[in-house]
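Take a look at the fold below.

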Amino acid sequence: MRNKNTIAKKLIPAVLVMIVVIIMIELFHRPDVLFIVENTWQQKSLSAEMKKVNFNKNILKPVAVLDIKKGKTAVIYNSTLSLVNAEYPIGEELVFKLVDYKDTGVLMDESVVDNYAKLSAEVEKHTGDHLFVMSHYRNDQVQKALYEQDKTKAALPGASEHQTGLALDVYVSNYAGAGFLKSSAGQFVNKNCWKYGFIIRYPLFKKHITGIRFEPWHIRYVGLPHSEIIYKKGLTLEEYIKGLELGSYYKFKNYYISRQQGESLLIPSNFTGIVVSPDNTGCYIITGRIT
Ligand SMILES: [Zn+2]
């Protein structure tokens with residue numbers, strides 16, 4: 001009897017190790033798992049250094065937010081950097097201009113159109129797959145209905161990015177939802193969408209920050225250079241926006257970025273291509289260049 005117990009005690013750990021090994025072998029045969037491991041590893045070696053810069057007070061000109069919103073200045077006002085989640089539902093300051101994408105019935109904000117066209121063309125060029133949109137803009141009623149159907153899966157009305165026209169759920173033939181990452185198109189999107197101004201809005205292991213589990217199919221437009229910084233630093237949109245110190249100016253490549261608060265914003269007079277977006281937390285993010 002004692003002998004049997006001793007054998008059993010020795011066998012149990014060995015069997016457990018075997019099971020773990022089999023599971024690991026199975027997992028590492030999955031293209032999505034392999035991609036995640038490889039891409040996470042590669043992403044760690046990337047960097048996107050943002051240098052704080054000070055501008056001479058003489059060139060910093062106050063520009064009234066109201067004038068920017070009314071289109072009285074050369075500044076483009078959009079909502080590409082707005083944070084929309086359960087903590088910050090869509091506020092009155094956010095503006096969205098919906099466009100029917102190539103007459104397909106897919107609605108997206110006008111800032112997204114050209115960039116999505118470029119991304120989908122690149123996906124097709126590199127993988128041969130045509131990118132489709134499963135879910136695009138949703139109005140309040142649709143979001144309410146989805147929320148009532150399944151409160152665990154759909155976001156609260158007003159807290160879904162799909163109500164902004166800046167987010168798209170994409171897929172390719174045979175690979176949608178969680179399976180999207182098993183396709184080369186899904187992997188291409190996850191690795192390269194930042195080049196076209198998009199981010200994977202709900203990354204793996206960031207649910208404690210975003211409130212939403214990993215969604216490799218949900219892309220959100222934020223624009224360059226923000227998408228590049230977010231991807232290369234491995235951040236969420238929450239971390240990126242809140243990490244921008246109020247009133248400071250940051251330089252990244254030939255872009256300048258500043259998060260400010262108040263009724264007027266201080267913008268250097270030699271800036272070109274200026275875009276201002278409310279961040280939906282009560283501040284504004286200015287993006288500009290000096291050419
Ligand atoms: Zn989505």
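Start with the distance between two parts of this predicted model. The C-alpha centres of domain 1 and domain 2 lie 34 Å apart. Domain 1 covers 1-45, and domain 2 covers 96-221. The two do touch: 5 residues of domain 1 are in contact with 6 residues of domain 2. On the domain 1 side, the touching residues are 3 nonpolar, 1 polar and 1 charged.

Now find two helices. Helix α4 spans residues 110-127, and helix α6 spans residues 184-192. Their axes come within 10 Å and cross at roughly 130°. An angle from 65 to 115 degrees would count as roughly perpendicular, and one over 145 as roughly antiparallel. So α4 and α6 are oblique to each other. Their crossing is right-handed. Which residues meet there? From α4 come E122, V123, H126 and T127; from α6 come S184, A185, F188, V189 and N192. By class, this contact has 4 nonpolar, 4 polar and 1 charged residues.

Next, the backbone. Most residues other than glycine have a negative phi, and most peptide bonds are trans. Look for the exceptions here.

D103 sits in the loop between β4 and β5. Its phi is positive, about 55°, although D103 is not a glycine. N280 lies in the loop between β13 and β14. Phi of N280 is also positive, near 70°.

Are these residues buried or exposed? D103 has 6 C-beta neighbours inside 10 Å, so it counts as exposed. N280 has 21 other C-beta atoms within 10 Å, so N280 is buried.

Finally, a cis peptide bond joins L224 and P225, with omega about 5°. P225 lies in the loop between β9 and α8.

Methods
Residues numbered from 1 in each chain as written. Predicted model: local features only at pLDDT ≥ 70, side-chain atom pairs only at ≥ 80, totals over all residues. Axes fitted to C-alpha atoms, helices over the stretch in contact; angles between N-to-C directions. Helix = DSSP H or I, 4+ residues; strand = E, 2+ residues; numbered from the N terminus. Parallel < 35°, antiparallel > 145°, perpendicular 65-115°, else oblique. Left-handed = near helix turned anticlockwise from the far one by under 90°. Contact = placed C-beta atoms within 7 Å. Nonpolar A, V, L, I, M, F, W, Y, C, P; charged D, E, K, R; others polar. Domains from an automatic or database assignment. Buried ≥ 20, exposed ≤ 12 C-beta atoms within 10 Å, placed from the backbone.
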